[in-house]
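Thank you all for making time this morning.

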Amino acid sequence: MTLLKSVCRNNLWSVRMSVSAEVLTRAPLQLEQIEAEANPAAPHRPRSNIRPMSPMPAYVEHRNGVNEVGKLSAEAVVREYEAAVTEIEALGTELQLAAKKCETMVAGVHDMIAEIKEFAAGYRDQGKRFFLQIEAVSLMTTEVRDTCEILKKKIAADTLTQ
């Protein structure tokens, strides 16, 4: 954009056309060099605010004959898709961690269920033991009553016969 502004300001349309043609055919695009060629009187300004581009993903490759604008546009798009893929993969990693936590929790729940079943079985056994003790005491009480009744009758019969 700086190149076009300086060229338009100086009304150097022919330079612009030749530079545009050069930009479209040159690989890779080097803005500083093009600006220096187009306007040699301008002071050199390093472009420190431009971050270096990450390498293109291995699954894409430029075709022969594609001009620089097409290459740069394709690279920008594939880099945006690659950034989205990176985020998607990060989400997948988070989901895997969450799944591992869930699996750990589920394993803990299964252990707790086994403990609960064991506790319930012990509690059931204790209930059965109390049941049997109460019935045993009840039978013993009935037997004591029956014995007492028999003794009362025997004592009463012995007292009447004497």
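This is a predicted model: local features need pLDDT of at least 70, side-chain atom pairs count only at pLDDT 80 or more; totals for chains, interfaces and linings use all residues.

Let me start with two side chains that you can find on the surface, Phe119 and Tyr123, both of which are exposed. When we search for aromatic pairs, the count comes to one. In that pair the ring centres of Phe119 and Tyr123 are 5.8 Å apart and the planes meet at 25°, and because planes under 30 degrees apart count as stacked, this pair is stacked.

Stepping back to the protein as a whole, there are four helices and zero strands, so that the order from the N terminus on reads α-α-α-α. How many of the 162 residues count as buried, as a percentage? The answer is 9%. The protein exposes about 14000 Å², and 63% of that is supplied by carbon and sulfur atoms. As for how the chain meets itself, if we take contacts between residues at least 6 apart in sequence, 45% of them join residues at least 24 apart.

As a general point, side chains of opposite charge can pair when their charged atoms come close. A search of the whole structure finds one salt bridge, and in it the side chains of Arg79 and Glu75 meet at 3.1 Å, taken from N to O. Are these two residues buried or exposed? Arg79 is buried, and Glu75 is buried as well. Since they lie four residues apart in helix α4, Arg79 and Glu75 are separated by about one helical turn.

Elsewhere on the surface there is a nonpolar patch formed by Met105, Val109 and Ile113, which together have about 270 Å² of accessible area. Val109 belongs to helix α4, and with a relative accessibility of 42% this residue counts as partly exposed.

Finally, a word on the cysteines, where the count of disulfides comes to zero. Cys102 has a relative accessible area of 42% and is therefore partly exposed, while Cys148, at 41% relative accessibility, also counts as partly exposed.

If you keep two places in mind while you turn the model, let them be the buried residues Arg79 and Glu75 and the exposed residues Phe119 and Tyr123.

Notes
Residues are numbered from 1 along each chain as its sequence is written. Side-chain values use heavy atoms; hydrogens and water are left out. Rings of Phe, Tyr and Trp (its six-membered ring) pair if their centres lie within 6.5 Å; planes under 30 degrees apart count as stacked, over 60 as edge-to-face and the rest as tilted. Buried means under 20% relative accessible area, exposed over 50%, partly exposed in between (1.4 Å probe, protein chains only). A disulfide is a pair of cysteine sulfur atoms within 2.5 Å. Helices (H or I, at least four residues) and strands (E, at least two) are DSSP runs, numbered from the N terminus. Contact means heavy atoms within 4.5 Å. Accessible areas come from the Shrake-Rupley method with a 1.4 Å probe; for residues, only the protein chains shown count as cover. Patches are made of residues with over 30% relative accessible area and no salt bridge: like charges are joined within 9 Å, nonpolar side chains (Val, Leu, Ile, Met, Phe, Trp, Tyr) within 5 Å. A salt bridge is a side-chain nitrogen of Lys or Arg within 4 Å of a carboxyl oxygen of Asp or Glu.
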